[in-house]
Amino acid sequence: ARECVTQATRSPFPENLALVAVVPVFSPRPPGSKMATIDGDVPMEPELELTSDEEMEREAEGFKEQGNAFYIKKDYSEAFNFYTKAIDTCPKNASYYGNRAATLMMLNRYREALEDAQQAVRLDDTFMKGHLREGKCHLSLGNAMAASRCFQRVLELEPDNSQAQQELKNAESILEYERMAEFGFEKRDFRMVVFCMDRALESASACHRFKILKAECLALLGRYPEAQSVASDILRMDSTNGDALYVRGLCLYYEDCIDKAVQFFMQALRMAPDHEKARLACRNAKALKAKKEEGNKAFKEGNYEAAYELYSEALTIDPNNIKTNAKLYCNRGTVGSKLKKLEQAIEDCTKAIKLDETYIKAYLRRAQCYMDTEQYEEAVRDYEKVYQTEKTKEHKHLLKNAQLELKKSKRKDYYKVLGVEKNATEDEIKKAYRKRALMHHPDRHSGASAEVQKEEEKKFKEVGEAFTVLSDPKKKSRYDSGHDLEDEGMNMGDFDANNIFKAFFGGPGGFSFEASGPGNFFFQFG
């Protein structure tokens, strides 16, 4: 007789599933017996036997141990993969989520880490490390209040936990820095805000909100490259971040790249339609551009009064736009110089330079106004600044000319002494001498006080000195060229003003003052 029995054999497949196979077992036939008739040896279908929970747990622990090994080696990506396998194998184990949360934190993926940490403490509310990691994720993301609750829960479970105590202090510090930053922003103390956000980001390194506030204040302080860098870092991680797009646009707007700025503001509004700052900045940018262009058009048409008003209106649109306002002040200064409002022009150029110390055009415009008002020392100072920045032939020429005028201004101004223009003709110079010589002649003032006589005698000598130089073509040429005649051996103190007077008015009987009362005198050469 032949009978069939079953025997279970372990499967070599990785799923650890057991196959059940039919194995025929033959027994010896008794002597003389007949063979049993069998309808057919049809084997049974294989049956799958699920691995036990205990085996699943052992497998998950194996994945976890491999994850730990990679974590120690700082290969966090591989560690993440094995912790994920452990979770897939045994999804109800809180420590696996806690380990993966720690790995995600090392990868700076704090939002994902937060989800894992929260799942860990949902599975086991007494899991101290889970609460600690949840708190650290909240802290890194800038949610200090939620972080504080997590650290307080850790201290309920383990009152002496020093890490939780320290992190709780960090959370309290962040809350204080937030309050200080809010106050600073209201007071427009943007440096204070940047300081507070830098301190807060030491603990909340992944907080986009803090980074955006810092970047906005950097832009308002004119530190555009730093602001751009912060915003660009955020956009690399999240290209749809409306706040970061707004800051990028703000930097371009403040750098007077208004068309590009408007594009970023519009993109920010597409991502965040309720973004009020982007809407206001976009409106200001368009208004500022339009008003400035109107002013430029009026200036080109020679309508200086209208241009002056339009530039003034543009300056009221946005006081924070430093670079554009600097250009507007310089433009208005140019208009002022055309309108002969030179002091106002100097003031406008000074405002432009105060806003932008690198603005060469404003220095040049102010220097020319200083030259026109004979403030040569100030003009030399501005031209020196320009030449140090841009060493061109034109700037060198302007500086030399200003230095020459300064040197000339420190000598006696013979043209002023005679009361004539620098382009006066020979006849005009003679007429001026005649008038001034008679006005200051000592005999005309012989009845005045000693102080007045002394002053008039001095002026009489200066008139004679001026006439001596300006009536001599060679001396006049050298004087006009800026040469110091006394340095060249022409001692102007040695001449006799009376001799010049006599020579000019002729010999005996050529001139007389006739006394007829106080202040009238008789004087005659002869």
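Residues are numbered from 1 along each chain as its sequence is written. Because the model is predicted, local features need pLDDT of at least 70 and side-chain atom pairs count only at pLDDT 80 or more, while totals for chains, interfaces and linings use all residues, and side-chain values use heavy atoms, with hydrogens and water left out.

Let's start inside. A nonpolar core here is a set of buried Ala, Val, Leu, Ile, Met, Phe, Trp, Tyr and Cys residues joined through side-chain atoms within 4.5 Å, with buried meaning under 20% relative accessible area (1.4 Å probe, protein chains only). The largest one has 76 residues, and Phe210, Tyr246, Tyr253 and Phe265 touch the most other members. Its top contributor is helix 11 (residues 242-254), with nine residues; helices are DSSP runs (H or I, at least four residues), numbered from the N terminus. A second, separate core holds 21 residues, including Ala437, Phe460, Ile500 and Phe501.

Back to Phe210. Neighbours within four places in sequence aside, Phe210 is in contact (heavy atoms within 4.5 Å) with Gly142, Ile174, Glu178, Met197, Ala200, Leu201 and Ala204.

Now look at what helix 11 packs against. Helix 10 (residues 224-237) meets helix 11 at about 155°, with the axes 9 Å apart; axes are lines fitted to C-alpha atoms over the stretch in contact, and angles run from 0 to 180 degrees between N-to-C directions. The two helices are therefore roughly antiparallel, a label for angles over 145 degrees. On the helix 10 side the contact includes Tyr224, Ala227 and Ile234, and on the helix 11 side Leu245, Arg248 and Leu252 are among the residues involved. By type, the contact residues split into eleven nonpolar, two polar and one charged (Ala, Val, Leu, Ile, Met, Phe, Trp, Tyr, Cys and Pro count as nonpolar, Asp, Glu, Lys and Arg as charged, the others, Gly among them, as polar).

Phe264, in helix 12 (residues 258-271), also reaches Leu245, Arg248, Gly249 and Leu252, again leaving aside neighbours within four places in sequence. Phe264 sits eleven residues from Tyr253 in sequence and 9.6 Å away in space, C-alpha to C-alpha.

The other pair is helix 1 (residues 53-72) and helix 3 (residues 94-106), whose axes come within 11 Å and cross at roughly 25°. That makes helix 1 roughly parallel to helix 3, the label for angles under 35 degrees.

Technical notes
Buried means under 20% relative accessible area, exposed over 50%, partly exposed in between (1.4 Å probe, protein chains only). Angles under 35 degrees count as roughly parallel, over 145 as roughly antiparallel, 65 to 115 as roughly perpendicular and the rest as oblique.
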